[in-house]
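Here are my notes on the model, point by point. Please read them beside the coordinates.

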Amino acid sequence: TGIPANAPRIELPANLVDCYLAGKVPRHPIDNLRQDFYQTVCQQVDRLPLEKRLLSLTAPTGLGKTLAGLSAALRLRQQVSQATGRTPRIIYVLPFTSIIDQNHAVFSNLLTQTGISLDALLKHHHRSDPLANCCDGKRLTLQDYEKAQNRVETWEGEIVITTFVQLYDTLITHHRSDMRRLHRLTGSILILDEVQSIPANLWQATESLLHFLANAWDTRILIMTATQPALLS
C-alpha cells in the first residue's frame, strides 16, 4: 500500500534529560562523576558547529553514556530544527535485544516522568511485538495491529531503538518491508552504541555506509563505546 502520510510529530525539548535528572540527588561517589560527565557532554555538543556530522563519545562502562548520548541527540535535534526547519528523528542502535529492552524501559520512564507521550518512542528488533508500541491499553482491533505493524516497519517514532541487524537490513536490502524505513535515515541523528561489538570484517563496509549517510544524506552520527574501534578514521 506504500508509505502512509506521517503522523503528527511530537515535540521533544532539548532539555528533556536535564528535567528528568533534575530531581535526582547523588547518593554514591560515582554519581558525581556521572553528573560531571553528563555536563561535559552537553557543553561540548552545544559548542559544535552544525556542519559537524561525525561524532564519537568514549567513556568507561557505568558512567552514563545512554542518557548523555540521548541528551546530545536532543540538543543536536534542536540545533538542526532551528537552522533548517526540519526536525530530525533519533535512531538509537544497539547490538543486543536485551540491551534494547533495558534502554527502552529507561526511555519510557524518562518520557513518562517528563509528561511526554510514549508514542514518541518505538522499539524494533526481531522479537519485539508491534503492539508493545501501543501505549493506551485499550482493547485492540485488527486495524490497530496493522497500524502498529506499519509504525514499526516505517520507524514512525521520534526516538527509535533498534539493532545493528535492522540498520544493516535497512541500508543493504532488496526486501520491500526493510526499504519502507530507509527514508527515515535521511537527515536523522543516528546513535551507534556498543560499536565494538560490530565484527571487524564489517568495519570497512560500515565506515563507508556512515560516511555516505553523513555526506550525502545529512545524517549526524554519534558513535558511543567504552572501547573505540577503528571506525571513522
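1. The chain has eight helices and six strands. Both are DSSP runs, numbered from the N terminus: helices are H or I with at least four residues, strands are E with at least two. Along the sequence the order is α-α-β-α-β-α-β-α-β-α-α-β-α-β.

2. The model is predicted, with local features requiring pLDDT of at least 70 and side-chain atom pairs pLDDT 80 or more, while totals for chains, interfaces and linings take in all residues. Residue numbers start from 1 along each chain as its sequence is written, and side-chain values use heavy atoms, without hydrogens or water.

3. Burial comes next. Of the chain's 233 residues, 45% count as buried. Here buried is under 20% relative accessible area, exposed is over 50%, and partly exposed lies in between (1.4 Å probe, protein chains only).

4. The largest pocket holds about 830 Å³ of space. On a 1 Å grid over the protein atoms alone, a pocket is an open set of points with protein on both sides within 12 Å along at least five of seven lines; lining residues have an atom within 4 Å of a point. Points are joined across faces, edges and corners, and the volume is the space filled by probe spheres set on them.

5. Which elements give two or more residues to the lining of the largest pocket? They are helix H1 (16-22), helix H2 (29-46), helix H3 (65-84) and helix H4 (97-113). H2 gives the most, with six residues. By class, the lining has 12 nonpolar, eight polar and eight charged residues. Nonpolar covers Ala, Val, Leu, Ile, Met, Phe, Trp, Tyr, Cys and Pro; charged covers Asp, Glu, Lys and Arg; the others, Gly among them, are polar.

6. H2 passes the length check. Its 18 residues should span 26 Å at 1.5 Å a residue, and the end C-alpha atoms are 27 Å apart, which agrees. The expected span is 1.5 Å times one less than the number of residues. Buried in H2 are Asp31, Phe37, Tyr38, Val41, Cys42 and Val45. These fall within an arc of 130 degrees seen down the axis, so they line one face of the helix. The arc is taken over directions from the helix axis to the C-beta atoms.

7. Check two backbone angles. Most residues other than glycine have a negative phi. Tryptophan 155 has a positive phi, near 50 degrees. Tryptophan 155 sits in the loop between helix H5 (142-153) and strand E4 (159-163), and is buried at 0% relative accessibility. Glutamate 194 has a positive phi near 55 degrees. Glutamate 194 lies in the loop between strand E5 (189-193) and helix H8 (203-216), and is partly exposed at 26%.

8. There are zero disulfides in the structure, taking a disulfide as a pair of cysteine sulfur atoms within 2.5 Å. Cysteine 19 is partly exposed, at 47% relative accessible area. Cysteine 42 is buried, at 3%.

How values were computed. 1 Å grid on protein atoms, 1.4 Å probe; cavity = no way out; pocket = protein on both sides within 12 Å on 5 of 7 lines; lining within 4 Å.
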